[in-house]
Amino acid sequence: MEYNILKTEINEGIALVTISRPKAMNALNTAFFDEMNSLLNELQSNQEIKVMVLTGDGKAFVAGADIAEMVGKNQAEGEAFSKYGQKTFDRVEAMPFPVIAAVNGFALGGGCELAMSCDFRIASSKAKFGQPEVNLGLIPGYAGTQRMARLIGKADAMYLLMTADMIGAEDALRLKLVQKVFEPEMLMEEVMKIARNIAFKGPQAVRKVKEVTRMGLNASFAEGADMEAKHFGTLFGDGSEGKEGMTAFLEKRKPNW
Ligand code: CO8
């Protein structure tokens, strides 16, 4: 597929994906979702990928779904557009490797929902977050109601969803909507440091941390703990990553994954 909106650079196992339609503040249209699904197909089966970083070009991470495209839709088309976005963001969330949102600017509506589907969020001090849909007589359509309440708790989510307030990075940090904040000029350097740090860890272990944590959130504590034990066990086989990691520690050398 030809990519016009997504720019991807892969270096040392880190896929840096930049959403680039800056004239429309990177607003999410059908072309974006088509490209994103195609890119996720490619990256998902690439065993070399250890971490994916998602960011935006220009003033925005993503300023929401494309209002110009949405306005012409009827009820059935609106629902279908919502479902397509939800499925795409579910796929972002379910990638087998960590996905980090590097939030460089506005993350509004569908942009905030996209950031929330990543494993965690690192923000520029200039980033702004919000779910402004009620200003448009809409509600979030890419599972923002569901992810936000789970991420930051019901009352703070209700406040943001009902008031449509736009909040800055420090407030987002206080609400634990983002995990770290850096000055704009340092954002990508710091995010890439975090990505490289993760990329040096046991690659299977990192993938399993993600898988078990995610699966456990949709299961009972006991079922989650059971899954953890099973996956823990797989890291102990002959020639396994866990054996190499523990042996390297005892031999005071770097592991050879
Ligand atoms: N969609 C389409 N175009 C957009 C969007 C958007 N979401 N956001 C900005 N743009 C365009 C503007 O129209 C403008 O275009 P032009 O230059 O042709 O007039 C250009 O980007 C630059 O924008 P501004 O001139 O407004 O720039 P400012 O710096 O003054 O303001 C803001 C930046 C604050 C980001 C402002 O553009 C804004 O408020 N944007 C809309 C934010 C918004 O309401 N987002 C939520 C959209 S709804 C949504 O995301 C629902 C998700 C679920 C959908 C479910 C499917 C049915």
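Predicted model: local features only at pLDDT ≥ 70, side-chain atom pairs only at ≥ 80, totals over all residues.
How many salt bridges are there between domain 1 and domain 2? The count comes to 2, and one place to look is the pair Glu93 and Arg214, whose side chains meet in a salt bridge at 3.9 Å, N to O.

Stepping back to the overall layout, the protein chain splits into domain 1, covering 6-199, and domain 2, covering 203-250. Their C-alpha centres are 28 Å apart. On the domain 1 side, 14 residues make contact with 5 residues of domain 2. The size of an interface is often quoted as the accessible area lost when the parts come together. Here, about 740 Å² is buried between domain 1 and domain 2, with carbon and sulfur atoms giving 46% of that area. Within domain 1, the residues that lose the most area to domain 2 are Gln47, Glu93 and Pro96, which together make up 42% of what that side buries.

As for where the domain 1 side comes from, helix 3 (residues 75-94) supplies the largest share of the side that touches domain 2, namely 3 residues. Sorted by class, that side of domain 1 holds 9 nonpolar, 2 polar and 3 charged residues.

Now to the ligand. It is surrounded by 24 residues, and the closest are Lys59, Ala63, Ala65, Ile67 and Gly110. A backbone N or O atom of Ala65 lies 2.8 Å from a ligand oxygen atom, while Ala63 places a backbone N or O atom 3.0 Å from a nitrogen atom of the ligand. Lys23 also takes part, with a backbone N or O atom 3.4 Å from an oxygen atom of the ligand.

The salt-bridge count comes to 11. One of the pairs joins the side chains of Arg21 and Asp66 at 2.7 Å, N to O. This pair links distant parts of the chain, 45 residues apart. Arg21 belongs to the loop between strand 2 (14-19) and helix 1 (30-44), and Asp66 to the loop between strand 4 (60-62) and helix 2 (67-70).

Notes
Residues numbered from 1 in each chain as written. Heavy atoms only, no water. Domains from an automatic or database assignment. Contact = heavy atoms within 4.5 Å. Buried area = accessible area lost by both parts, 1.4 Å probe. Salt bridge = Lys/Arg side-chain N within 4 Å of Asp/Glu carboxyl O. Helix = DSSP H or I, 4+ residues; strand = E, 2+ residues; numbered from the N terminus. Nonpolar A, V, L, I, M, F, W, Y, C, P; charged D, E, K, R; others polar. Near = heavy atom within 4 Å. Polar contact = N/O pair within 3.5 Å; in protein donor to acceptor, adjacent residues only side chain to side chain.
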